[in-house]
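Colleague: I would like to learn how to read salt bridges and nonpolar cores in a model. Could you take me through them?

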Amino acid sequence: MNRQYADLVAPSPRRHRSHGPLVPAGHPAGPAPSDGAPRAGALNVLVVENDPRAADTLLQGLVRHGYTTRGATTGAQALRGHHEADLVLLDLDLPDLDGLEVCRGIRAVSDLPIIAVSARGSELDCVLCLQAGSDDYLVKPYGFRELLARMEAVLRRARVQQPAQQAAGGVVTHGPLRIDAGARVATLDGRPLDLTRKEFDLLHLLASQPSTVIPRRQIMAQVWDDVWSPRGRTVDTHVGTLRGKLGSSAWIVTVRGVGFRIGNPCEPSSDAVPASAGVRG
């Protein structure tokens, strides 16, 4: 897909708003009917699609039906750009991350409606995707009218659930640990933690999925916007520093060869690594 589609905005609270459609420079969007042009308050759809032709057709079709659009070609772009969307259309076959990883990453920090769009048509693929947090699953090739109907159905369900979701306030609690993503404040036993931006993002990611091991590659994509760099000590260093600031190595558990998960300091795990020792593979 053309690079202009991937100019995604920095994270901010989700809200309904009006954006102009993103199209490649010099590429006309085509004459949109007067009743299908983006309107004030139009919902913003993030299209995550690796196929340039499919993405171009889909983006233009959505604009013609009154949506505003943004595009992404990789999982890393989707993970850092979903914050400004009202709905995500997620292709599962991406060049850097598997779509299921992207779906889990978004769902860990957001109630954003997600519709998976994939050529994978088996029942198992559908089940795995729904278990990963997708709200619906659509197999390619599909009819555009069916896609619109599914989008409307998912958005209706999201609107019904919205009052309860708003009550949560974007705060994650894990024992005495409290993380307010909106205010970007983390406290332990009521005491503020002095965290850098990346330390906060890493801790929030782990605490948002308390029973899940987060793969190292997903951490690099979601916290550092990078899945291409060779394995280094970036994640290890931040994990070690966080353990020190939290006061216990049991807060972050290493699952060797896979990644990390949030721990329970009251029940130290045998595979936890002391803060002073760093982390190995």
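Colleague: With which residue does Arg150 form a salt bridge?

Modeller: Side chains of opposite charge can pair when their charged atoms come close. A salt bridge puts a side-chain nitrogen of Lys or Arg within 4 Å of a carboxyl oxygen of Asp or Glu. Here Arg150 pairs with Asp136, with the closest N and O atoms 2.8 Å apart. Arg150 lies in helix α5 (residues 144–168) and Asp136 in strand β5, so the bridge ties together parts 14 residues apart in sequence. Helices (H or I, at least four residues) and strands (E, at least two) are DSSP runs, numbered from the N terminus.

Colleague: What should I know about the model and its numbering?

Modeller: It is a predicted model: local features need pLDDT of at least 70, side-chain atom pairs count only at pLDDT 80 or more, and totals for chains, interfaces and linings use all residues. Residues are numbered from 1 along each chain as its sequence is written, and side-chain values use heavy atoms, leaving out hydrogens and water.

Colleague: Is Asp136 buried or exposed?

Modeller: Buried means under 20% relative accessible area, exposed over 50%, and partly exposed in between (1.4 Å probe, protein chains only). Asp136 is buried, at 16%. Arg150 is partly exposed, at 25%.

Colleague: Which salt bridge does Asp135 make?

Modeller: Asp135 meets Arg107, at 3.1 Å from N to O. Asp135 sits in the loop between α4 (123–131) and β5 (136–139), and Arg107 in helix α3 (residues 99–109), so parts 28 residues apart in sequence are tied together. Asp135 is partly exposed, at 34%. Arg107 is also partly exposed, at 24%.

Colleague: What about Arg216 and Asp236?

Modeller: They form a salt bridge too, with the closest N and O atoms 3.2 Å apart. The pair links distant parts of the chain, helix α7 (residues 216–224) and helix α8 (residues 234–246). Arg216 is buried, at 13%. Asp236 is buried as well, at 4%. Elsewhere, salt bridges with shared partners join Glu49, Asp91 and Lys140 into one network. The count is eleven salt bridges.

Colleague: Which residues touch the most other members of the largest nonpolar core?

Modeller: A nonpolar core is a set of buried Ala, Val, Leu, Ile, Met, Phe, Trp, Tyr and Cys residues joined through side-chain atoms within 4.5 Å. The largest here has 26 residues, and Leu177, Ile179, Leu193, Leu203 and Ile219 touch the most other members. Helix α6 gives the largest share, six residues.
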